Amino acid sequence: MADGFAEGASRRDLLKTGALAGGLVLSFNLAGKAGAAAPAADAKLNAYVSLTPDNKVTIVSKNPEIGQGIKTSLPMIIAEEFDVDWASVTTKQADGDPATYGRQFAGGSMATPLHWDELRRVGAAGRAMVVAAAAQTWNVPAAECTTASGVVYHKASGKKATYGALAAKAATLPAPDLKTVPLKDPKDYKILGKFMPQVDSAGLVTGQPLFGIDVVVPGMLYATFDKAPVFGAKVASADLAAAKAVKGVRQAFVVEGGTDLSGLVPGVAVVADSWWQARKGREKLNTQWAEHPTSKQSSAGYDAQALALSKAPPLRTERNDGDVAAGLKGAAKTVEAAYSYPFIAHAALEPMNCTAAFKDGKLEIWAPTQNPEAGRQLVAKTLGIAPADITLHMTRCGGGFGRRLANDYMVQAAWIAREAKAPVKMLWTREDDLRYDYYRPAGYHFLSGGVDASGSVTAWHDHFVSLGNDGRFASSAGMSPTEFPSRFVPNYRYDLSLIPTGVPTGPLRAPGSNALSFVIQSFIDELAHAAGADPVAFRLKLLGDGGMMGTPGQNGYAADRMRGVVKLAAEKAGWGKTKLPKGTGMGIAFHFSHMGYFAEVVQATVAADGAVKVDKVWVAADVGRQIVNPAGGINQVQGSVLDGLSAALGQVITIENGAAVQSNFGDYPLLRMADAPPVEVHFLITDNPPTGLGEPALPPAPPALCNAIFAATGKRIRSLPINTEALKSV
Amino acid sequence: MAFKINVNGKSRNVDVEEGTPLLWALRDGLGILGPKFGCGVGQCGACTVHIDGQPVRSCALPIEAVGAAKVVTIEGIGATAVGKKVQAAWTELDVAQCGYCQPGQIMSATALLNATPKPADADIDAAMSGNICRCATYVRIRAAIKQASGQKVEA
């Protein structure tokens with residue numbers, strides 16, 4: 001589910017030090033080897049800690065900040081082991097620079113698992129060097145020295161010195177071995193696990209220009225980019241003269257583009273003194289688009305193809321355990337159901353934008369991107385310049401959700417800037433954003449399942465009809481053969497068929513899982529009700545009494561951890577103990593993704609007119625032994641849950657004539673304040689390595705809601721978004 | 001053409017064509033970048049400013065409609081006692097995730113507290129539902145409004 005962000009585990013340590021600007025700079029280079037078969041997974045990581053004589057600490061934040069709080073949480077990990085006060089720390093956003101900082105990206109909820117161990121050691125190594133400097137200065141054993149709040153103490157002699165005072169000497173000392181450097185006992189943590197408001201907080205609430213859209217470069221012009229409604233269609237004609245006649249418009253030109261929907265797509269650029277003028281100019285273009293091979297595709301067409309494919313033999317069988325036919329035949333009860341979910345858009349609130357300046361063969365880019373190095377490579381390849389000639393500044397992103405893992409807008413800005421021979425800020429409209437996305441792909445599941453008299457699932461058959469070309473899944477349209485409940489059901493079969501598509505798809509927060517959980521956890525609910533069992537008890541039984549299933553860190557699934565959160569969520573929600581009024585119900589769902597175990601209970605009320613109101617959500621989460629920053633962590637969980645509910649309650653991108661129909665928040669509604677329920681978050685602390693929180697809370701939310709609606713009304717939601725018309729009781 | 005508008009207590013000249021939304025006069029014309037562009041049609045509230053104290057979607061207000069009214073943006077709201085309290089509550093509770101919508105949220109929240117110093121949940125729903133938070137920080141927005149208004153904050 002990490003969409004290419006798997007990373008090798010073993011790491012080689014290399015540590016250099018040097019004095020810079022009168023302070024201590026600790027430069028750590030931890031290069032990883034993932035094996036010869038996967039050279040792309042080679043990763044280098046450098047974290048910089050600098051310290052001034054007045055005891056101020058600067059910690060570079062290496063990854064893109066998209067709202068997940070990484071600019072705060074990664075430096076917190078270093079600062080804890082460095083043993084300084086958080087108040088003395090200033091964080092600094094890194095540029096896109098993998099040679100110095102290692103791999104930089106925001107995706108897959110990977111930052112915590114990838115950095116938890118390394119960055120603690122980075123901080124601890126810094127502390128050890130400062131301690132060594134003190135020990136040498138005082139001529140005492142280092143082991144007799146202690147630290148607190150950026151000060152080294154030697155109790156026996158009563159000596160003490162600030163880190164800042166020791167910085168110059170520390171910088172001349174050899175670095176300790178990262179592997180053996182001592183780490184704190186977690187009970188001594190003063191920063192980790194504490195509620196730390198994000199470092200940009202003051203800037204955010206006073207409107208400081210932190211985002212990509214806020215970048216201003218001297219001599220900068222503004223651009224719009226008109227793209228085809230049919231994804232990737234070429235420009236047939238455009239009235240460039242009419243656009244140029246608009247006041248303030250400097251240039252208008254066709255960008256031929258290519259056929260790769262993740263690269264530079266065809267379009268028309270309008271460049272002006274202000275963005276509004278560029279937009280007015282664009283309105284005059286009257287661009288005509290060439291006929292495109294996918295212009296007849298539609299959501300309705302995909303629906304019809306899926307139904308037809310479901311009745312035919314599959315393209316292939318992805319997994320076949322036991323004998324599903326026999327399992328179904330021998331079942332006490334069987335259930336058949338067809339589930340589907342639509343394309344949805346990321347709709348990050350800051351529309352796609354990027355600023356670029358091309359001068360003397362070199363390019364400078366300011367980009368709100370989740371994936372800077374991939375952007376640099378795309379730009380280099382497309383413009384035919386060396387990656388080394390591109391300077392890439394990472395700005396804060398006004399939301400990511402996976403959209404900014406693609407860098408189509410970056411290459412557009414770079415191309416336009418070179419053509420325009422001026423620095424250019426290119427900005428999309430909301431309509432551009434919703435109509436050219438790498439959508440969460442639609443999908444269809446034709447399921448049959450059986451339960452025996454004791455309430456055990458005996459058979460599970462999924463004919464998954466997904467999107468894909470040439471026998472391969474479209475981006476983020478896949479399902480792993482180890483997806484739950486495989487390995488938990490004796491007779492399990494997963495057949496696959498694919499529908500060709502011209503719609504660009506890609507990872508959207510908890511890719512795969514955000515849709516699969518709806519299908520799987522809803523169908524489990526159907527089986528529970530067919531068995532006449534309580535949905536919580538039925539799930540616990542399905543999870544069995546074992547522990548780790550498969551290989552940890554790869555396809556491993558810790559059934560015991562999942563049982564833990566299911567029980568906790570049920571307990572906190574008062575499952576089975578609360579008398580609910582008519583029209584109100586509770587539903588439960590669980591899902592494992594991004595190394596996190598999540599169970600959620602939704603209480604919802606369905607009105608006579610079918611309107612759904614979510615009353616409350618209870619979340620139980622197991623992401624290991626340490627929550628790095630509860631301030632950001634709880635926020636991520638609550639936001640992910642509401643994100644999932646928002647999509648389930650109303651979001652759909654419909655394809656007609658090869659293009660997206662929806663265009664703005666009027667027809668693509670996002671959850672608003674009045675519809676946002678309280679979300680109670682409980683972390684189950686277990687002795688496992690800490691993992692990420694950007695995504696795994698999302699997947700259980702839609703099925704928990706749909707299961708609550710069933711409990712309230714007896715009506716089963718098998719297609720998203722929820723059709724409230726079908727829930728009417730009057 | 002040149003328009004004279006009053007922004008954050010100062011008289012400013014901005015040279016834009018008639019019909020240009022106030023948002024773009026502020027952002028590209030005057031370099032006031034706090035108000036954000038989210039939808040362009042007054043549906044998301046990221047561009048919210050105060051016009052004579054009322055919350056207004058600046059992306060949908062043509063510059064010529066501003067006239068002599070006093071425009072206050074997120075950059076200026078901290079100069080008011082209520083605005084300052086709201087900003088402080090936002091920071092203490094760490095409301096923001098990406099933060100892009102928060103200037104608009106804070107402008108709407110401040111207008112709410114100016115009109116209704118102790119808002120009930122229904123008041124918050126009504127006043128804040130024009131502001132989308134894509135990160136869905138609604139639980140904390142509600143808590144911060146209550147904290148800024150001196151009411152009990154539920155976790």
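**Figure 1. Where chain A meets chain B.** Two residues are in contact if their C-beta atoms, placed from the backbone, lie within 7 Å. By that rule, 49 residues of chain A and 47 residues of chain B make up the contact. On the side of chain A that touches chain B, the elements giving two or more residues are α5 (201-205), α7 (275-283) and α16 (630-650) of chain A. Helices here are DSSP runs of H or I with at least four residues, strands are runs of E with at least two, and both are numbered from the N terminus. The largest share, seven residues, comes from α16(A). Sorted by type, this side of chain A has 27 nonpolar, 15 polar and seven charged residues. For that sorting, Ala, Val, Leu, Ile, Met, Phe, Trp, Tyr, Cys and Pro count as nonpolar, Asp, Glu, Lys and Arg as charged, and the others, Gly among them, as polar.

A word on what you're looking at: this is a predicted model, where local features need pLDDT of at least 70 and side-chain atom pairs count only at pLDDT 80 or more, while totals for chains, interfaces and linings use all residues. Residues are numbered from 1 along each chain as its sequence is written, and chains are lettered from A and ligands numbered from 1 in the order in which they are written.

**Figure 2. Chain A as a whole.** Chain A holds 17 helices and 31 strands. Its C-alpha atoms fill a box of roughly 80 × 70 × 50 Å along the principal axes. The radius of gyration of chain A, 27 Å, agrees with the value near 27 Å for a compact globule of 730 residues; it is taken over C-alpha atoms, and the globule rule is 2.2 Å times the number of residues to the power 0.38. Of the 730 residues, 58% count as buried. Buried means that 20 or more other C-beta atoms lie within 10 Å of a residue's own, exposed means 12 or fewer, and partly exposed is in between, with C-beta atoms placed from the backbone. Among contacts in chain A with a separation of 6 or more, 79% link residues 24 or more positions apart.

**Figure 3. Inside the largest nonpolar core.** A nonpolar core is a set of buried Ala, Val, Leu, Ile, Met, Phe, Trp, Tyr and Cys residues joined through C-beta atoms within 7 Å. The largest one has 291 residues, and A:A223, A:A569, A:V619 and A:L705 touch the most other members. Helix α3 (residues 111-138) of chain A gives the most to this core, with 14 residues. Zoom in on A:L705: leaving aside neighbours within four places in sequence, A:L705 is in contact with A:G587, A:V602, A:A604, A:V614, A:L645 and A:A648.

**Figure 4. A five-stranded sheet in chain B.** This open sheet has the order β2-β1-β5-β3-β4, with mixed pairing. Two strands pair if DSSP finds at least two bridges between them. At the edges, pairing on one side only, are β2 (10-15) and β4 (54-57) of chain B. From one strand to the next, the twist averages 45°; axes are lines fitted to C-alpha atoms, for helices over the stretch in contact, and angles run from 0 to 180 degrees between N-to-C directions. Six bridges hold strand β1 (residues 2-7) of chain B and β2(B) in an antiparallel pair, and B:N6 stands opposite B:S11. Helix α1 (residues 22-30) of chain B packs on the sheet, touching β1 and β2 of chain B, at about 85° to β2(B).

**Figure 5. A three-stranded sheet in chain A.** Here the order is β6-β7-β8, open and antiparallel. The edge strands are β6 (145-148) and β8 (159-162) of chain A, and the twist averages 20° from one strand to the next. Strand β7 (residues 151-154) of chain A pairs with β8(A) over four bridges, with A:Y153 partnered by A:K160. The helix α3(A) packs on this sheet too, touching β6, β7 and β8 of chain A.

**Figure 6. A closer look at A:Q277.** This residue sits in helix α7 of chain A. A:Q277 counts as buried because 25 C-beta neighbours lie inside 10 Å. Apart from neighbours within four places in sequence, A:Q277 is in contact with A:V246, A:K247, A:G248, A:V249 and A:A272.
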